[in-house]
Amino acid sequence: QEYLDFRKERSRMLLSRRNQLLLEFSFWNEPRPRQGPNIYELRTYKLKPGTMIEWGNNWARAIKYRQENQEAVGGFFSQIGELYVVHHLWAYRDLQSREETRNAAWRKRGWDENVYYTVPLIRTMESRIMIPLKISPLQ
């Protein structure tokens, strides 16, 4: 009953809500507990319909350029909800580390080619910086 009362009260405060069921790309690391402190970047890409396989094939090659600093946390794609949506989750010590790590990827031979082939597949993209709660296994 307490939970039902909470849901009823919460519904008075919500203006909108979206849900997604996501699957993990097989070539990404599985998210594992991390020592902190870290910040996390959630990059969301809305792709053109019909391009998920091409995206996955390119990222299966591209992910090797982003493994050096263990920043790759997970890659997911929508199965239910808005389709052709991809989420990449990255871990960094701080915003300075994020900038340095991303710049280092551009200096690696081959990274630019992978980006070149994936950019035309994107309709929109978004980046969010998140700070984990103390109870999160991703610190």
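**Close-up views of a predicted model**

**Figure 1. Pairing of β3 and β4.** Ala 72 stands opposite Trp 90 in β4. The two strands, β3 and β4, pair in the antiparallel sense over five bridges; pairing requires that DSSP finds at least two bridges between two strands. Strands (E, at least two residues) and helices (H or I, at least four residues) are DSSP runs numbered from the N terminus. This is a predicted model, in which local features need pLDDT of at least 70 and side-chain atom pairs count only at pLDDT 80 or more, while totals for chains, interfaces and linings use all residues. Residues are numbered from 1 along each chain as its sequence is written, and side-chain values use heavy atoms, with hydrogens and water left out.

Figure 2. Five strands form an open sheet with antiparallel pairing, in the order β1-β3-β4-β2-β5. Because β1 (21–24) and β5 (122–130) stand at the edges with a single partner strand each, one side of each lacks a neighbour in the sheet. From one strand to the next, the twist averages 25 degrees; axes are lines fitted to C-alpha atoms, for helices over the stretch in contact, and angles run from 0 to 180 degrees between N-to-C directions. Four bridges connect β1 to β3, which run antiparallel, and Leu 23 stands opposite Phe 77 in β3. Strand β2 (residues 39–47) is joined to β4 (residues 85–92) by eight bridges, again with antiparallel direction. Thr 44 stands opposite His 87 in β4.

**Figure 3. Helix α2 on the sheet.** Helix α2 (residues 52–62) packs on the sheet and touches β2, β3 (72–80), β4 and β5; contact means heavy atoms within 4.5 Å. The direction of α2 makes about 25 degrees with that of β4. Met 52, Trp 55, Gly 56, Asn 58, Trp 59 and Ala 62 are the buried residues of α2, where buried means under 20% relative accessible area, exposed means over 50%, and partly exposed lies in between (1.4 Å probe, protein chains only). These buried residues pack against β2, β3, β4, α4 and β5.

**Figure 4. The nonpolar cores.** The largest nonpolar core has 21 residues, of which Trp 55, Trp 59 and Val 86 touch the most other members. Such a core is a set of buried Ala, Val, Leu, Ile, Met, Phe, Trp, Tyr and Cys residues joined through side-chain atoms within 4.5 Å. At least two residues of this core come from each of β2, α2, β3, β4 and α4 (111–118), and α2 provides the largest share, four residues. Apart from this core lies another, of six residues, among them Tyr 40, Val 73, Ala 91 and Leu 138. Leaving aside neighbours within four places in sequence, the contacts of Val 86 include Phe 25, Met 52, Trp 55, Phe 76 and Phe 77.

Figure 5. His 88 belongs to strand β4 and is buried, with a relative accessible area of 0%. Not counting residues up to four places away in sequence, His 88 touches several residues, including Trp 28, Glu 41, Trp 55, Trp 59, Gly 74 and Gly 75.

**Figure 6. Backbone geometry in two loops.** Most residues other than glycine have a negative phi, and most peptide bonds are trans. A cis peptide bond, with omega about 0 degrees, joins Gly 36 and Pro 37; Pro 37 is found in the loop between β1 and β2. In the loop between β3 and β4 lies Tyr 84, whose phi is positive, near 60 degrees, in a residue other than glycine. With 29% relative accessibility, Tyr 84 counts as partly exposed. Four residues separate the strands in the hairpin of β3 and β4, where Gly 81 takes a positive phi near 105 degrees.

**Figure 7. The annotated span.** In the model, the end C-alpha atoms of residues 40–137 lie 13 Å apart, and the span is 32% helix and 35% strand.
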